[in-house]
Amino acid sequence: MQEQPLTPLTKVGLGFLVAATRRRVKQVVWARLAPMALTPQQFWVILVINRKGPQSLHTLAREVWMDDPTASRVVKALCDRGLLHSDPDPAHGRRILIRLTPEGTGMARELETISEEIRVRLAGGLSEEEQAVLRRGLAQMITNMDNLAEELPRPSRVPQRRLKVGNL
């Protein structure tokens, strides 16, 4: 049986392109992180804490689009490796803040370099205006899916998080 030629990417649906882009980014991130024995989820957790400072588990989970149990497992693995540490939040009696250890801070510097490389390569060939249009379009697609998700029966394991302009 003869194989069918691939459909040009300009002819496939938006959902397919978004999913394909996500898969490709994840494949590249996996390959770049392999020498460090980190997962993409661990990569994003370290970057968020590096960029935003100590975070509660719930806030961190929302920032990296994970549910709380998944974020908890990722944080535990990073704590076990000595990259993260958790301390009681002095401003809140029951909340724990997750922070980078000195070793985690060193790794975060390396990860920021990888992140910048991926960001630059991902946007390569796109003008600032094209990037802005793409951001607005993708944000609208997320809003559209948030609205659809609200219409679906609960429970859903997908974290419900509305994007705000400031999150772009």
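1. Let's start with Ser 56. Is Ser 56 buried or exposed? In this predicted model, Ser 56 has a relative accessible area of 9%, and because the cut-off for buried is under 20%, Ser 56 counts as buried. Ser 56 belongs to strand β1. Setting aside residues up to four places away in sequence, Ser 56 touches Arg 95, Ile 96, Leu 97 and Ile 98.

2. On to the strand pairing around Ser 56. β1 and β3 run antiparallel and are joined by two bridges. Two positions you can check on screen: Asp 87 has Leu 97 in β3 as its bridge partner, and Pro 88 stands opposite Ile 96 in β3.

3. What is the strand order in the sheet? The order is β1-β3-β2, in an open sheet of three strands with antiparallel pairing. That makes β1 (55–56) and β2 (84–88) the edge strands, each pairing on one side only. Helix α2 (residues 40–52) packs on this sheet and touches β1, β2 and β3, with its direction at about 95° to that of β3.

4. Zooming out to the whole chain: the secondary structure comes to six helices and three strands. Along the sequence the pattern reads α-α-β-α-α-β-β-α-α. The C-alpha trace spans about 60 × 40 × 40 Å along its principal axes. There are 168 residues in the chain, and 26% of them count as buried. If you take contacts between residues at least 6 apart in sequence, 50% of those contacts join residues at least 24 apart.

5. In soluble globular proteins, nonpolar side chains tend to be buried together. Here the largest nonpolar core has 27 residues, and the members that touch the most others are Leu 33, Leu 38, Val 45, Ile 46, Leu 78, Leu 84 and Leu 111. Elements giving two or more residues to this core are α1 (14–33), α2, α3 (57–63), α4 (68–80), β3 and α5 (102–123). Which element gives the most? That would be α2, with six residues.

6. Leu 78 is a handy place to look at the core up close. With neighbours within four places in sequence left out, Leu 78 is in contact with Leu 38, Gln 42, Val 45, Ile 46, Leu 83 and Leu 84. Of these, Leu 38, Val 45, Ile 46 and Leu 84 are also among the core members that touch the most others, as is Leu 78 itself.

7. Next, the packing of α1 and α5. Two packed helices are described by the angle between their axes and the distance between the axes. For α1 and α5 the angle is about 145°, and the axes are 11 Å apart. The crossing of α1 and α5 is right-handed. On the α1 side the contact uses Thr 21, Val 25, Val 28, Val 29, Arg 32 and Leu 33, which meet Leu 111, Ile 114, Glu 117, Ile 118 and Leu 122 in α5. Sorted by class, the contact has eight nonpolar, one polar and two charged residues. Leu 33 and Leu 111 turn up here and also in the list of core members touching the most others.

8. A word on Ala 20, which lies in helix α1. Ala 20 has 24% relative accessibility, so it counts as partly exposed.

9. Finally, two backbone angles for anyone going through the torsions. Ala 37 counts as exposed because its relative accessibility is 55%. Trp 65 has its place in the loop between α3 and α4. The phi of Trp 65 is near 60°, again a positive value in a residue other than glycine. At 37% relative accessibility, Trp 65 counts as partly exposed.

Conventions
Residues numbered from 1 in each chain as written. Predicted model: local features only at pLDDT ≥ 70, side-chain atom pairs only at ≥ 80, totals over all residues. Heavy atoms only, no water. Pairing = 2+ DSSP bridges. Helix = DSSP H or I, 4+ residues; strand = E, 2+ residues; numbered from the N terminus. Contact = heavy atoms within 4.5 Å. Axes fitted to C-alpha atoms, helices over the stretch in contact; angles between N-to-C directions. Core = buried A, V, L, I, M, F, W, Y, C linked by side-chain atoms within 4.5 Å. Buried < 20%, exposed > 50% of the residue type's maximum accessible area, 1.4 Å probe, protein only. Left-handed = near helix turned anticlockwise from the far one by under 90°. Nonpolar A, V, L, I, M, F, W, Y, C, P; charged D, E, K, R; others polar.
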